[in-house]
Amino acid sequence: MIVRRVRYEIVSRAIGPILVSTERWRRRLRDRKGGRAKAPFGPPLESTRKLKELTTLHYLTGRFADGAVPVAWVTSGFPVEVLRTLGFHTVYPENHGAICSVKRMVPVLSGAVEREGYSRDLCGYARADLGSVATGNTPVGRLPKPDLLCCCTNICQTVLYWYRALAVHFRVPLVVIDTPFVYGEARPHLLAYIADQLRELAEIAERVAGRKVDRATLAGTMRLAREGTSLWDECLRAGRARPSPWTGFDSFFHLAPIVAMRGTRECNAYYRMLRDELNDRVARGVGGIADERVRLLWDNLPIWFHLRDLSTVLARNGFNVVCATYTNAWAEAGAMLDPADPEGSSARAYLHVLLNRDLPHKLSVMKRLCREYGAAGAIFHSDRSCKPYSIGQIDLMGRLAAEEGVRGLLLEADHADPRAWSEAQAYNRLHAFMELFR
């Protein structure tokens with residue numbers, strides 16, 4: 001235990017930062033030699049380099065975490081603040097699934113569990129994660145074995161069965177935060193129900209970590225999480241400028257710290273850097289694409305394995321995704337966190353995430369985003385992997401067009417698995433959609 005802890009600290013505090021600095025130096029040399037093509041995009045964000053370093057260090061440190069510090073695997077919408085306070089190293093299988101998708105590894109990983117009987121109709125993140133566990137293959141080197149599994153049903157019910165399978169495999173405790181679906185506003189008994197579960201979470205996490213929750217430290221973590229959410233919101237709001245200083249596709253990647261590192265100083269320092277760079281670009285009139293003519297809203301998760309090609313086609317035609325319901329969701333709920341009331345405010349914040357709300361609320365969010373960001377059109381990604389997010393999109397598209405005059409396109413794909421993607425069909429629809437704005 002002591003040896004592992006010393007190795008973990010050395011990697012996280014010394015070796016990791018040295019490797020990241022070396023890679024930064026090598027990358028600068030490469031950029032000087034080759035340069036980078038700009039059109040149809042604006043100049044690349046400098047913060048992207050820091051994002052890569054932050055992500056690299058997070059996964060590098062994770063390789064040495066098990067046996068050194070308590071490790072928890074958690075869903076993206078899980079109230080993580082208590083775990084941070086107890087010193088857990090957290091792993092987010094959804095973020096890992098997105099990396100697997102960008103690296104085009106999902107068909108192979110998914111195939112490994114499909115041969116065991118898992119259906120291809122299941123979430124691509126779940127199949128990628130279970131496939132990675134089954135085969136040991138991952139683009140991040142190694143994921144630490146969990147001591148605790150934590151899932152929250154505020155994003156979907158699939159996570160419940162996914163994490164049960166992980167609990168059987170790893171033979172570790174599973175904590176489930178059950179969040180009833182919210183129609184309108186949450187009633188007091190629902191908030192009390194969640195708060196009770198959060199207290200039970202703290203007791204289990206304390207047993208696994210072998211220490212008690214310090215209330216002052218928990219309040220500090222809550223404060224950091226709320227501040228990080230606010231900083232992320234400021235970054236997104238920069239996209240209201242014309243031209244937008246970045247694209248919605250950029251923001252999908254820069255979302256990673258607020259999901260996986262929420263409640264840490266590193267996360268907040270990163271978003272201060274990104275916010276300042278975006279505001280500087282706004283002041284100088286620098287856009288995320290070279291010629292922004294039509295601004296769009298994106299609904300649902302991104303198509304991770306095809307983001308670059310899709311963003312290029314849109315940018316070449318002067319179309320810029322300037323806002324997204326997905327990225328905005330991480331800017332809203334966290335604002336409800338209150339350091340003076342950790343359980344009560346967490347119950348409200350994590351119950352009110354977008355995917356746990358009804359369609360009228362979702363429509364109101366879309367309307368507001370289109371107005372605030374000046375979006376004239378909307379792309380609805382009908383996501384084979386995320387059925388809760390895709391339900392009702394045709395009705396929402398019709399209501400947005402009828403009530404706000406925002407033209408919509410329904411694009412069928414998958415956020416992780418390229419086998420559910422028909423490029424010719426998608427681009428035929430996309431080009432026809434873009435013709436509507438000429």
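A: In this predicted model, Val71 has His89 in β2 as its bridge partner. Val71 belongs to strand β1, which spans residues 71–74 and is joined to β2 by three bridges, the two strands running parallel. Strands of a sheet, in general, pair through backbone hydrogen bonds, either parallel or antiparallel. Here the pairing is parallel throughout an open sheet of four strands, whose order is β2-β1-β3-β4. The edges are formed by β2 (89–91) and β4 (174–177), each of which pairs on one side only, and from one strand to the next the twist averages 25°.

A helix also lies against this sheet: α8, covering residues 188–209, lies across β3 (148–152) and β4, and runs at about 165° to β4.

As for packing between helices, α2 (residues 47–62) and α12 (residues 265–284) pack at an angle of about 165°, their axes being 10 Å apart. Because angles over 145 degrees count as roughly antiparallel, α2 is described as roughly antiparallel to α12. The crossing of α2 and α12 is left-handed. On the α2 side the contact is made by Ser47, Lys50, Leu51 and Leu54, which meet Glu266, Tyr270, Met273, Leu274 and Glu277 of α12.

Key: Residues numbered from 1 in each chain as written. Predicted model: local features only at pLDDT ≥ 70, side-chain atom pairs only at ≥ 80, totals over all residues. Heavy atoms only, no water. Axes fitted to C-alpha atoms, helices over the stretch in contact; angles between N-to-C directions. Parallel < 35°, antiparallel > 145°, perpendicular 65-115°, else oblique. Left-handed = near helix turned anticlockwise from the far one by under 90°. Contact = heavy atoms within 4.5 Å. Pairing = 2+ DSSP bridges.
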